[in-house]
Amino acid sequence: MTQIPCVDTLETFLLNLQDRICTTLAERDGRASFREDRWERGEGGGGRTRVIQEGDLLEKGGVNYSRVFGQNLPPSATAHRPELAGQAFTALGVSLVLHPRNPYVPIVHMNYRFFNAGSVWWFGGGADLTPIYGFAEDARHFHRTLKTACDRHGPSYYPRFKEWCDRYFYIRHRQEMRGVGGIFFDDLNGDPAVIQALWQDLAGVFLDSWLPIADTRRNTPYGERERQWQLLRRGRYVEFNLVYDRGTLFGLQSGGRTESILMSLPPLAAWEYDWQGEPDSPEARLKTDFLTPRDWV
């Protein structure tokens, strides 16, 4: 078995990542700042939750760090690794979801985590983009940034992680992807130095992948039609997070802080019965042109 990566070193990296992202986002927003709540978990561990609300760029956003441990992995973690049932575990990571104010700025999610259960360890993570209105150049920029980071470590990572993301962020009962994807991976191990370097590099390019898109779109004029469509698309985001997302299930099943786990939900969302967009409208084209797997780079 390979050596287990140093958890304290990973924690230092993740705390610094959280600091850097929050500082940059607050500066870019210009109106609101992050509120921090530190919390402890009775069974072991805790974290620091940072949430920004009612900003100019961000209507709501959360950037969470947690490090938890216990004597038994929750069911969401052992469903695809049943051999680890009953094992003591340590899990730490940074998770981020940003819900912009302007409907033309896409929702973005990022999560990078590390698990250790007994003698077994793995890295997981990824980032994905969920536009309300689709722009091919935005999807290309997001994917190109992630691909460039992946390619620094090997040519096989991006196509593998991109396809994994397309499969994972799929709303099966709607038969559509949550957005335009990105990268996603789990259970990644091997040479600790090699895998950790890849993981840290991918986490480190988050701001480069999303901020240029936000800067371009944040001042686009919009009205009530665009706002209502934004609320409907946020509803689909809620459906995925509460029905399918393993991270949400892990947090709830492991006794994490509920407010921190559910910070990923938008401040407002809507569901309209049997909504049908006008044919060939920007709203209709989102599903036909963007919510199916595509090669963006």
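1. Ala-127 stands opposite Ile-183 in strand 9. Strand 6 and strand 9 pair in the antiparallel sense, over six bridges. Two strands count as paired if DSSP finds at least two bridges between them. Helices (H or I, at least four residues) and strands (E, at least two) are DSSP runs, numbered from the N terminus. Strand 9 is mostly covered, with seven of its eight residues buried. Buried means under 20% relative accessible area, exposed over 50%, and partly exposed in between (1.4 Å probe, protein chains only).

2. A note on the basis. This is a predicted model, in which local features need pLDDT of at least 70 and side-chain atom pairs count only at pLDDT 80 or more, while totals for chains, interfaces and linings use all residues. Residues are numbered from 1 along each chain as its sequence is written, and side-chain values use heavy atoms, with hydrogens and water left out.

3. Seven strands form it in the order 1-2-3-4-5-6-9, with antiparallel pairing. Strand 1 (35–40) and strand 9 (181–188) stand at the edges with a single partner strand each, so one side of each has no neighbour in the sheet. On average, neighbouring strands of this sheet are turned by 5° against each other, direction ignored. Axes are lines fitted to C-alpha atoms, for helices over the stretch in contact, and angles run from 0 to 180 degrees between N-to-C directions.

4. Strand 3 (residues 58–70) and strand 4 (residues 89–100) run antiparallel and are joined by twelve bridges. Arg-67 has Leu-92 in strand 4 as its bridge partner.

5. Two helices lie across strands. Helix 1 (residues 7–29) lies across strand 2 (45–53), strand 3, strand 4, strand 5 (107–117) and strand 6 (120–130). Helix 1 runs at about 170° to strand 3. Helix 3 (residues 136–151) lies across strand 5, strand 6 and strand 9, and runs at about 30° to strand 9.

6. Cys-22 lies in helix 1. Cys-22 is buried, at 6% relative accessibility. Not counting residues up to four places away in sequence, Cys-22 touches Phe-34, Arg-50 and Val-63. Contact means heavy atoms within 4.5 Å. Cys-22 and Gln-71 are 49 residues apart in sequence and 32 Å apart in space, C-alpha to C-alpha.

7. How many disulfides does a search of the whole structure find? It finds zero. The criterion is a pair of cysteine sulfur atoms within 2.5 Å. The sulfur of Cys-150 has its closest cysteine sulfur in Cys-165, 11 Å away, too far for a bond. Cys-150 is buried, with a relative accessible area of 0%. Cys-6 is partly exposed, at 42% relative accessibility.

8. Asp-166 is found in helix 4 (residues 157–168). Asp-166 is buried, with a relative accessible area of 10%. The side chains of Asp-166 and Lys-162 are joined by a polar contact of 2.8 Å. A polar contact is a pair of N or O atoms within 3.5 Å; within protein, one must be able to donate a hydrogen and the other to accept it, and residues adjacent in sequence count only if both atoms are side-chain atoms. Leaving aside neighbours within four places in sequence, Asp-166 is in contact with Met-177, Gly-181 and Pro-293.

9. In helix 8 (residues 246–253), Thr-248, Phe-250 and Gly-251 are buried. They cover an arc of only 160° around the axis, which puts them on the same side of helix 8. The arc is that of the directions from the helix axis to the C-beta atoms. At the start of helix 8, a side-chain oxygen of Asp-245 reaches to within 3.3 Å of the backbone nitrogen of Gly-247. Just after helix 8, Gly-255 takes a positive phi of about 80°.
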